[in-house]
Structures are given as C-alpha cells and as structure tokens.
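Here is a short briefing to read alongside the model. Please keep the sequence and the 3D view open as you go.

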Number of protein chains: 2
Amino acid sequence: MAAAKTTTTSAQQTSSAPLRLDAPRIPPLAYSGRVQLKALLDRPESVVGRHVIVGGWVKSAKEVKKKAAAPPSFATATEETTDAGEGGKGKDVSCVEILQSRIPLLRSLLDVFGGGGYVQRKKRENVIVPNHKVLPPKASTAYLLLTDGSCVPSLQVVVDSSVATPSRLLPTGTCLLVEGQLERAEGKHAIELKAEKVLHIGTVDFDKYPLSKKRIPLDTLRDYSQFRPRTTTVATVVRIRSSLSFATHTFFNEHAFIDVQVPIITSTDSEGFSNMLKVNTLEQKAEKEKLDTIYETEGVSLEHVKAAAKEKSNIIEHLKRTESNREALAAAVQDLRKTNELASQMEAREKRKLGASFKDDDKVDSSKEFFPFQTYLTVSGRLHLESYACALGNVYSFGPRFLADKTDSAKHAAEMWMVEVEMAFSLLKDSMNCANDFFKYLCNWVLIHCSEEMKFVAKRIDNTCVNRLQQIILGSPVMMTYHEAIDVLRKAEDKKFETNFESGFALTSEHLSYLTDTIYQKPVVIYNYPKEAKPFYARQNDDGTVAAFDLVVPKLGTIISGSQNEERLNMISSRIDELGLPREKYEWYLDLRRNGTVKNSGFTLRFDLMVLFATGLGNVRDVIPFPRSYGKANN
Amino acid sequence: MAAAKTTTTSAQQTSSAPLRLDAPRIPPLAYSGRVQLKALLDRPESVVGRHVIVGGWVKSAKEVKKKAAAPPSFATATEETTDAGEGGKGKDVSCVEILQSRIPLLRSLLDVFGGGGYVQRKKRENVIVPNHKVLPPKASTAYLLLTDGSCVPSLQVVVDSSVATPSRLLPTGTCLLVEGQLERAEGKHAIELKAEKVLHIGTVDFDKYPLSKKRIPLDTLRDYSQFRPRTTTVATVVRIRSSLSFATHTFFNEHAFIDVQVPIITSTDSEGFSNMLKVNTLEQKAEKEKLDTIYETEGVSLEHVKAAAKEKSNIIEHLKRTESNREALAAAVQDLRKTNELASQMEAREKRKLGASFKDDDKVDSSKEFFPFQTYLTVSGRLHLESYACALGNVYSFGPRFLADKTDSAKHAAEMWMVEVEMAFSLLKDSMNCANDFFKYLCNWVLIHCSEEMKFVAKRIDNTCVNRLQQIILGSPVMMTYHEAIDVLRKAEDKKFETNFESGFALTSEHLSYLTDTIYQKPVVIYNYPKEAKPFYARQNDDGTVAAFDLVVPKLGTIISGSQNEERLNMISSRIDELGLPREKYEWYLDLRRNGTVKNSGFTLRFDLMVLFATGLGNVRDVIPFPRSYGKANN
C-alpha cells in the first residue's frame with residue numbers, strides 16, 4: 001500500500017506538464033490526486049504557471065458567448081481555447097488511466113472502475129458522440145467560482161466550450177474535477193485555472209437544489225443539513241469548530257490530562273433531576289399494531305410464521321457454530337426477532353379472539369429488553385469522570401451529552417458536545433483557574449489558527465468577534481460571589497427586575513445578562529451559589545452555599561459551570577436523601593467517598609456555545625453539524 | 001484568576017525548604033500544589049534533596065515496628081523521625097493556610113474550606129487529641145507505595161508514626177497528600193519520600209473495598225468500573241487509550257482533515273439492517289403501573305393531583321416569564337410532567353372503573369414523545385460524514401457508536417468508539433492507503449509516546465506487543481481480493497472448514513483467522529467483496545462485487561472496514577430497493593447523489609479494537625472506561 005501511495009503522488013507530478021522550475025511544489029492531498037484550493041489561494045503569486053488538478057463545487061458561474069460562432073471541428077477560434085487544447089495534447093488520458101498504468105499491484109482492483117468512471121473519459125464530449133448527431137453549440141467560455149471547503153475564497157476556473165458543455169457546468173452546486181494551468185487573472189481574482197480537461201461532472205437538479213437560490217437565511221438552511229456546509233458561512237463555522245476541537249485536545253495534552261471516554265448509555269442521572277432520554281430496544285406498541293394489521297389482511301397463518309421462525313433459528317445456530325461474520329449473523333438475528341414478534345402478536349390476537357385476557361398480552365415484557373435496567377443517555381459525564389480522576393489525577397472528556405429539554409432552544413439542543421474536566425487534589429479555585437486558562441487558550445487558538453475564517457466572520461456575521469476574543473486573552477473576568485452579585489443587582493435602581501431576591505433564588509438569564517452586558521461589559525465568574533441552584537454533588541460550604549461557579553459571558557450567558565465536589569461521605573449522603581434521589585443508583589459514586597476519597601473539582605464547557613462565542617452566531621442549531629429539529633426526521 | 005494560579009506555584013516553592021541549588025526545578029501540576037509522580041520517577045537521580053507535595057493512592061504498604069518503645073512525648077527516638085520532625089519545624093501550616101495567606105483576592109472563597117479541611121490540620125494528631133486520653137502507640141515506620149496514575153512505577157513514601165498513625169495509612173486504596181523530602185533509597189527503589197506532614201487522608205472501608213485483595217482477575221474487575229483504573233494494569237491501558245485518542249486527532253490534523261461531530265441520535269440506519277437502540281422519553285408502562293399502585297394505596301384523590309398540576313403550571317409560567325435558569329425550569333417542568341402523568345393515569349383508572357374502554361387508555365400516545373419520529377442511536381456516522389465530505393473534502397469523526405448485538409461479545413460492546421473518515425474525490429485505493437497510513441501512525445505513536453507503558457504491557461500482559469507494532473510500522477499488509485482469499489482458503493488442504501464456499505459467502509472469523517494467523521502471520525487487506533457482505537452504499541463493481549475492504553489483523557480480526565461509496569444515483573437507488581430499505585429515510589442521503597455527486601471513499605477504525613491490538617488484551621470490556629454489562633446497572 002505504501003507503493004500505491006507514492007504512485008498517487010507521482011501521477012500528480014506526471015500530469016504537471018509545463019513545469020516551471022522556479023514555481024514551488026504544491027503539496028497534493030495525500031489521498032487524492034487533487035490539490036487543495038487553500039494551498040493555491042494562500043499564496044496565489046507563487047503558483048502561477050503550475051499545472052494542477054482541482055476539485056470542488058460551483059458557487060457561482062457565468063457564461064460569456066464568443067462573437068464568432070465555433071467552427072464545427074476540434075479546433076476552436078479564440079486564443080484561450082487554443083491554449084487549452086494544446087496544453088491537453090499528448091496527455092489525453094483520464095486520471096484513472098494514469099493511475100492504472102502506474103500501479104501494477106492494484107491493476108485488478110482498478111479494472112472494476114472501468115465501467116462507470118469519470119463522466120468525461122473522452123475529451124470534447126460535446127463533439128464526439130456516437131450514434132446520434134449533435135449540432136455544435138455556439139462557442140462560449142464558462143467562468144466558474146469553485147470551492148472545495150478548505151478556505152474562504154474560491155478559485156476562478158475558466159472552461160472553454162470546446163472543453164466541456166457550459167450548460168452542464170454552470171448550475172450552483174455542480175461538482176467538478178478539473179485539470180488545467182494556473183494563470184494570472186484580471187480583475188479581483190489574483191489567479192485563475194484555465195481548464196484543459198474536465199475529469200468529473202456531478203450535475204445538479206436545479207429546481208430542487210435548495211442552494212440554487214442566491215441567499216438563504218441560516219434558519220432555512222437548517223432544514224438542509226446535508227447541503228449547508230457547501231455555503232461559505234457554514235463551511236467557515238465548521239472549520240472554526242474543528243479547530244476548537246483540536247485546540248481542546250491539545251490544551252489538555254499539554255497539561256498532562258488523560259482523555260477518558262465516558263459512557264453515553266448510563267443508568268445514572270448526573271444532575272439528579274434531568275429530563276433524560278431513554279434507551280431501549282422494544283418495539284413501540286403502535287408499530288406492533290401496524291404490523292398486526294398488515295398480516296391480518298394478507299391472510300398469513302400463525303402456523304406459517306412459526307415454521308418460518310424455526311427455520312430461521314436453525315440458520316442462526318449454523319451461523320454461530322461457524323463463527324460467521326457479524327453482519328450476516330446480526331441480519332439473521334434481526335430477521336428472527338421480527339418473525340418471533342409477529343408470531344407472538346398473532347398468538348395474542350388469537351387468544352383475544354378466544355376471550356383470553358387482553359391485559360396480559362399488552363404488558364411490557366422487560367425481559368426482552370437489551371438492558372435489564374432502564375438506561376438513559378447521559379446528561380453529564382462528570383460523575384463517571386470523577387472515578388477516573390480518583391485514580392489518574394487530571395482527566396477530561398469531550399463528547400456528546402443529552403437533555404430532553406425544549407426550553408431556551410437557541411442556546412440548547414437535545415444533543416450537545418461538552419468538554420468535562422475533573423482534577424483530584426484540587427479545590428474550587430483550581431477548577432476556576434483551569435477553566436479560565438482553557439477559555440483563554442481557545443480564544444487565542446482561534447485567532448492564530450483561523451485568521452482567514454475570523455476575517456470572514458467579522459465581515460459577514462459579527463464585526464466585534466476579533467475584538468471580543470482579544471479582550472478575553474488580555475483581560476480577566478470579574479470575580480464575585482453569588483451574594484455579591486445579588487447585592488449589585490439590588491442596587492441596580494435603573495433596572496426593575498420582575499423577581500424579588502429571595503433566599504436561594506437562582507439567577508435568571510435576565511440577571512446574568514444585566515451583569516455581563518450592562519454593568520461590567522465583560523465575562524463574570526460567579527461562585528458560592530445557594531445549594532438549590534446547583535447539582536447535588538457540589539461541595540457544601542459552612543455558610544449554606546456550595547463551592548460551585550459559573551463563567552458567564554455577554555450575550556450567551558453561562559458558558560462554563562464548575563464545582564468543587566463534595567468529598568465527605570456523610571455530607572453527600574445526606575444531600576442525596578434531602579433531594580430524594582434514588583440512592584441505589586448512586587452507590588457506585590458513593591463508593592469513591594468510602595474508599596480513598598480526595599478533594600477534587602472540575603467543570604464543564606458547553607462546546608457549542610464556545611463556537612457561538614467565537615463566531616457571534618446566536619443559535620446552536622447553526623453550529624451543530626446535524627441539529628435535530630423537534631418536528632423533522634430528515635437525518 | 002491568573003494571580004491565584006501564580007500563587008499556587010509559589011506556595012509550592014515556599015514549602016521547598018532545604019533547596020539544593022543543583023536540583024532542577026520540578027514542574028508542579030498547573031491546577032494543584034502537588035507534583036506528578038511521573039515528573040519524579042522519570043529522573044529519580046536528579047530530584048534527590050527536593051522538598052515536594054505528592055498525592056496518590058496506596059498500592060501496598062508495610063509497617064516496621066521499632067525496637068525501642070516510643071517515649072510518650074512529641075520527640076521520637078530514631079534518626080528518621082527526628083529528621084522529619086525538624087524538617088517540619090517552622091512550617092507547621094496546612095496547605096490550605098499557605099494558600100490562604102497568599103491569595104487575598106480569594107480569601108472569602110477560601111474561608112469556606114476552614115471547617116472540613118484536610119484531615120490532619122494539626123501535626124502529630126495521634127498525640128494531641130483533646131477531650132480524651134490516648135495511649136501513645138508503639139513507634140513504627142510505615143513504608144507505602146503510592147501511585148497517582150501518571151506512570152507505571154510507584155513512589156515509596158516513608159511515614160514515621162510520629163507524623164501520622166500508621167494504621168490509617170496502610171490499607172490499600174487509602175488516599176494521601178503528603179509533604180516531605182526526596183531522598184536516595186536503599187533496595188529496589190531509587191528514591192523515597194520522607195514524609196514531614198500528611199495533609200490529607202482518605203480512608204478505606206477495608207472489608208468492602210474490592211482492591212483490598214492482592215490480585216484480581218480483569219473480568220472480576222469489570223464489576224468495579226469505579227475502582228479499576230486504580231490498578232496498574234487498567235491505568236496503563238487507559239493512558240495508552242488516551243494517547244491513541246490524541247494520536248488520532250493529530251494524524252488527521254496533520255493531513256488537513258476537518259473534525260465533524262456527527263449526530264448520535266438519528267433516524268437513519270447507516271448499515272441498513274442493524275439492531276439499533278431506540279431513544280424515547282415516554283415512561284415505560286410497567287413504571288406507570290408501579291406509580292399507579294403507590295398512589296392507590298396512599299389514597300390521593302384525582303382532585304388533589306389536578307390542583308397540584310395547576311399550581312405547578314403557574315410556577316413554570318412564572319419561571320419562563322422571568323427567563324429563569326435552565327436547572328430550575330427543567331426541574332419544574334419535570335415535576336409538572338410527573339404530576340400530569342399521574343393525573344391522567346388516575347383519570348384512566350376511574351374511567352376503567354366506570355367501564356370505559358380499556359384499550360384507549362393503554363395506547364402509546366406518540367404526540368407526547370420528544371421526537372415525533374422514532375429515533376435511534378447511531379450505528380455509524382459515515383453517511384452523515386459523507387455529506388460533509390461533499391462540501392469540505394476530507395473529514396473525520398471520532399465518537400461513540402451503538403449496536404444492540406450480543407454476539408461475539410469479547411470484541412463487541414453495545415457502545416464503542418469509532419474513527420470514521422470520508423474523502424471526496426477519492427477511490428477505494430485512496431481509502432485503503434489512508435487507513436493503512438493511519439494504522440501505522442497509531443502503532444508508531446504508541447511506541448514513541450507510551451514507551452514505559454509498553455514495557456509494562458510486554459511484561460504483564462503480552463510479551464509480543466512491541467514486536468507486533470514494529471512489524472506493522474516496517475511492513476505492509478498482504479493485499480488480496482475476496483476471490484483470491486477464497487482461492488487460498490480452498491487450497492488449504494490441511495484445514496477442513498465446516499462451510500462450503502458458495503457464491504457470495506461471507507468470510508467467517510475462522511477463515512479470517514486462518515489467513516492472518518496461520519498462512520500469512522501478518523495483517524491482510526481483503527477487498528472487492530460480494531455485495532451481500534457489505535452495506536448498501538458500497539460502490540458496485542462491474543463483476544458483481546463491491547469496492548469495499550477490510551484490514552484484518554491476527555487474533556482480533558477486522559480492525560478497519562472501508563469502501564468507495566456508490567456515487568451513481570441510479571445504482572444506489574436500485575440497491576436500496578433491492579434490499580427493501582425504507583426509502584424515505586435515505587432521501588436526504590440520496591440528495592447528495594442528485595446534486596453535485598462525487599467519487600468518494602472512507603473507512604471506519606474500531607478504536608476499542610485498536611487498544612486491544614496495542615496492548616494484547618482480548619476483551620473490549622477491559623479497555624472501555626465504563627463497559628455496560630448486560631446484567632448490571634451499576635453506572
């Protein structure tokens with residue numbers, strides 16, 4: 001396989017015909033013959049004259065007709081097209097053919113691509129068409145802006161009608177793989193690619209393609225998750241998100257934290273009162289009834305179904321005995337399960353007809369469940385993470401967390417990614433320090449590693465974004481206790497809050513926003529909360545508050561929440577009783593207090609909100625790759 | 001917060017009393033006053049003489065009685081304890097007090113730690129005890145092996161009975177934070193810590209602590225997920241896993257891949273025939289009936305419950321109006337939901353008593369569901385990832401995937417982590433190359449970054465592990481088509497396989513193992529499979545096979561599976577029909593073929609199997625942080 005890889009690179013080099021010795025080598029992508037547009041557009045001056053293959057999707061296009069009609073032969077009239085024609089001479093082989101001749105080892109493999117290969121295996125497909133005559137079209141030139149998602153700008157690709165039929169290239173969203181030469185361009189583009197061959201065309205169903213419209217609001221785009229990363233805005237946000245993800249792993253690696261992948265399926269409610277999503281394998285009764293109806297009308301007898309089930313059992317036994325592969329066995333098991341279910345439904349129906357108890361049949365038989373206990377999707381991995389901190393010291397986890405909560409939907413989705421951190425031998429202040437350093441690190445990383453993206457964001461989404469990140473890097477948040485925050489809010493005479501500040505009152509987003517947006521105009525860390533406002537595991541202070549904190553930022557609200565965790569067995573035990581939590585579900589967690597307990601603290605960063613903070617966007621659905629709408633089932 | 005952080009470090013430095021100027025500075029952990037044991041044990045010679053704070057858990061311990069009885073005063077007889085006593089003089093302040101005096105900004109915060117601080121606020125607690133007399137114990141010295149999970153070796157800590165009561169320190173699993181001086185040691189340990197103060201003791205419930213036993217088999221340990229990372233073996237494996245995770249992100253970052261976090265909750269079955277886990281929020285009927293019974297016996301009336309529900313609605317309205325915080329609102333909503341459910345149950349029961357239809361009451365009301373369509377936990381993110389590849393080029397995802405499949409349980413768990421990769425403008429060979437490079441990269445990374453861990457693994461788990469990884473780095477897998485593999489197996493006369501090779505037969509693990517373990521004794525890549533053996537989206541070759549591959553390794557079987565994906569709309573569309581898949585669920589995916597389709601390929605690496613491959617362990621439950629046993633609900 002190493003040989004094959006080298007050959008891909010040399011295929012790339014082979015096709016770089018008129019090589020200018022002063023032009024620097026353009027790194028091709030390791031696992032594709034094409035060159036990334038970013039590699040060209042980051043330094044346009046230095047790549048002029050290079051011969052490359054590029055791929056991407058058309059963002060916008062125009063066709064310019066030529067004054068003289070194209071002659072009905074291979075040769076075309078204009079200077080550009082002659083150039084292009086000549087450039088292609090002597091290299092009239094498709095990309096697949098080049099690869100094939102270079103990789104004897106893989107020949108048999110590549111043979112199979114022969115049939116349905118790239119669209120244009122022959123040059124000038126609009127001229128050479130067997131079996132039916134085609135009138136030569138009027139000569140024209142297509143100017144296409146192509147993007148491959150690697151950077152903000154697009155590459156202008158110029159395709160003469162002698163190279164490919166313009167009408168097939170022009171629609172927005174068309175996919176192209178183009179070979180040609182980079183030249184200096186006129187106008188706003190520094191360079192452009194003169195196409196010599198179009199190696200692949202992926203056409204567009206213009207009327208149904210949602211991006212055919214020029215400007216689509218972000219909230220409309222949410223209904224087209226499969227297409228929206230093709231827009232410059234979403235692609236830019238995705239790259240920033242990806243960069244923040246790598247920054248997260250790099251930060252914790254630099255600080256000797258161990259990455260622990262906590263379970264998604266759990267029987268523990270980490271907060272104590274969450275609306276958790278349940279996991280099961282049982283068929284919904286409604287579905288069963290649907291099936292029931294189908295087979296009733298088709299007149300299948302119970303005996304038939306039972307016989308089929310028996311036969312299917314035998315097949316599975318055979319597959320198991322021969323240690324067959326997973327897919328085949330899984331399919332067979334699935335098949336049997338359906339047949340068995342059908343059989344029991346039919347049996348139940350017959351019983352019913354005979355006047356047998358209806359209720360027995362309808363009872364949920366939990367022995368059929370995959371997990372014998374009710375399991376949920378995790379709301380937070382901090383409790384699980386803590387058990388690793390109580391063995392390995394400093395640990396973190398980065399993954400999806402779940403909450404069935406329809407409130408505050410612009411800042412919340414059922415499925416969101418969180419960065420969770422736990423540190424043994426640490427106090428509240430340690431987790432506040434770590435959270436603050438991490439937050440600054442992310443802000444700094446984005447400015448350094450996504451400078452082009454941030455320029456685009458500043459221009460098109462939020463012109464304060466760079467300044468906002470710089471303020472975080474250079475400044476410090478305001479530090480105040482919950483009670484200090486309440487005092488400040490009480491004194492805010494210019495603002496009448498609807499609520500009174502009773503003892504233990506949770507701060508609303510209205511209060512938080514008043515502190516960060518109006519009074520301080522910067523992030524605020526609030527710590528030592530009333531215990532009612534925080535999860536059961538937050539460590540109790542002597543004054544009745546708990547050692548927990550929130551890092552609140554303007555406009556978004558709380559982006560990081562953390563706490564020192566209660567390490568005293570008696571204290572946490574009585575808190576669990578006080579809240580009436582199901583004690584048996586927390587026994588494993590209490591074990592950590594019973595055996596080798598340690599002062600520890602940690603925090604959670606809401607990663608999706610971090611992307612909103614960096615980009616200035618206002619809705620998490622615009623930064624989550626596949627947001628699940630409550631009313632849609634499209635992915 | 002930056003100030004606080006600096007002070008933590010200076011607290012560390014302040015307590016480093018008899019500083020040897022030639023000793024290098026030991027980096028303390030950024031968010032804890034303690035020093036990581038790895039920083040000491042990686043270079044024991046150079047840290048002798050340093051004064052440090054270390055934290056960790058006791059792995060093993062012994063107490064050595066002194067010949068002379070301890071005099072009933074503060075002073076003790078032996079040389080060691082006198083040293084320790086002197087070393088402690090003039091610095092008799094607890095860790096908390098040091099921090100407090102240095103951080104005026106955080107004083108109010110730290111005040112709250114006063115009450116339940118570290119166990120030993122006073123030196124020599126066994127001597128000074130108020131209110132009741134204690135007979136002075138016999139003088140002794142405790143020798144403790146302490147681990148903090150940062151490295152394989154442990155640090156020997158020597159605690160004189162004048163410093164802390166040995167019986168409280170000795171049990172395995174006891175958590176200690178100890179301040180003292182590093183000295184050259186005799187015997188097998190290069191250095192040891194002479195304890196001057198024990199700043200924290202987390203005791204152990206000896207009889208119930210599972211790790212009290214010396215050697216526990218890995219499969220017994222699986223029942224104690226919360227403790228098992230405290231064993232050297234599991235901690236070592238966790239560090240290797242964490243390192244492989246970072247290697248994954250680093251590899252794809254180096255190759256300009258974008259990290260895309262694909263959805264966990266989906267309505268798409270990516271393979272077409274998987275046993276998927278369902279997600280819902282509806283109460284199980286069984287639970288409802290339990291509730292029903294409770295309230296029936298408690299004699300709560302329907303009117304009471306309805307009144308309570310109304311009141312709770314009002315509270316929620318108020319919370320919403322005041323934009324209260326998420327937790328409070330979620331709790332209130334949850335509360336109301338339960339009350340409403342109870343009310344409707346009671347209403348139904350009354351109806352039943354009045355002879356109303358039983359069936360209506362029992363029907364699943366799917367309008368109450370959080371998602372209006374049946375949703376599942378994703379089996380694979382490759383389809384979702386593809387839509388990002390068709391916009392951004394090269395993308396990857398690393399996260400948990402789910403399958404309700406009880407077969408082959410040593411290599412499979414319901415929840416496993418996968419690395420998934422998709423590349424636009426790429427063919428089958430490209431994904432095979434990328435998969436192979438990635439696999440080599442991971443093997444190389446482990447040898448470089450986990451050299452100490454691999455030595456331990458070689459000694460205690462599998463002495464062939466280093467050699468196995470080196471072979472991968474230096475060699476190449478055998479490359480063969482499915483049909484070539486079948487030919488080789490047919491010729492294997494020394495081995496009688498139970499199955500005949502019919503057309504389209506899936507290779508069983510017995511076959512794969514014969515190829516990798518017996519014939520070639522190295523990894524094998526098998527490609528161009530019969531279409532029945534692969535997911536519906538694998539690209540169809542002209543000979544009836546599909547462009548898919550498996551990288552199979554000795555002992556474990558398939559560790560990477562990949563494919564070129566079918567980019568032709570008509571081909572994939574008819575394959576969906578052929579398999580009878582619910583077409584409407586794949587419309588969003590087919591849209592990618594309708595608009596700007598592109599040749600693309602990708603693969604999946606089973607990350608948990610990669611950890612098995614590196615460590616030589618045989619069961620994924622030993623490398624997954626919290627394996628969910630089918631019969632247990634302990635986390």
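**Nonpolar core**

This is a predicted model. The largest nonpolar core has 282 residues, and those touching the most other members are Val159(A), Met610(A), Val159(B) and Met610(B).

- Setting aside neighbours within four places in sequence, the contacts of Val159(A) are Ala142(A), Leu144(A), Ala164(A), Leu169(A), Ala195(A) and Val198(A).

**An open sheet in chain A**

- Chain A has an open sheet of 8 strands with mixed pairing, and its order is β6-β10-β11-β16-β15-β14-β13-β12.
- Its edge strands are β6 (258–259) and β12 (478–481) of chain A, each of which pairs on one side only.
- Within chain A, β15 (residues 557–565) and β16 (residues 600–606) pair over 6 bridges in the antiparallel sense.
- To find your bearings in this pair, look for Ser561(A), which stands opposite Thr604(A) in β16(A).

**A helix pair in chain A**

- Helices α18 (residues 482–491) and α19 (residues 509–519) of chain A pack with their axes 11 Å apart, at an angle of about 75°.
- Because angles of 65 to 115 degrees count as roughly perpendicular, α18(A) is roughly perpendicular to α19(A).
- On the α18(A) side the contact involves Ala485(A), Val488(A) and Leu489(A), which meet His511(A), Tyr514(A), Leu515(A) and Ile519(A) in α19(A).
- The residues of this contact between α18(A) and α19(A) divide into 6 nonpolar and 1 polar, with no charged residues.

Key
Residues are numbered from 1 along each chain as its sequence is written. Chains are lettered from A and ligands numbered from 1 in the order in which they are written. This is a predicted model: local features need pLDDT of at least 70, side-chain atom pairs count only at pLDDT 80 or more; totals for chains, interfaces and linings use all residues. Axes are lines fitted to C-alpha atoms, for helices over the stretch in contact, and angles run from 0 to 180 degrees between N-to-C directions. Helices (H or I, at least four residues) and strands (E, at least two) are DSSP runs, numbered from the N terminus. Angles under 35 degrees count as roughly parallel, over 145 as roughly antiparallel, 65 to 115 as roughly perpendicular and the rest as oblique. Two residues are in contact if their C-beta atoms, placed from the backbone, lie within 7 Å. Ala, Val, Leu, Ile, Met, Phe, Trp, Tyr, Cys and Pro count as nonpolar, Asp, Glu, Lys and Arg as charged, and the others, Gly among them, as polar. A nonpolar core is a set of buried Ala, Val, Leu, Ile, Met, Phe, Trp, Tyr and Cys residues joined through C-beta atoms within 7 Å. A residue is buried if 20 or more other C-beta atoms lie within 10 Å of its own, exposed if 12 or fewer, and partly exposed in between; C-beta atoms are placed from the backbone. Two strands pair if DSSP finds at least two bridges between them.
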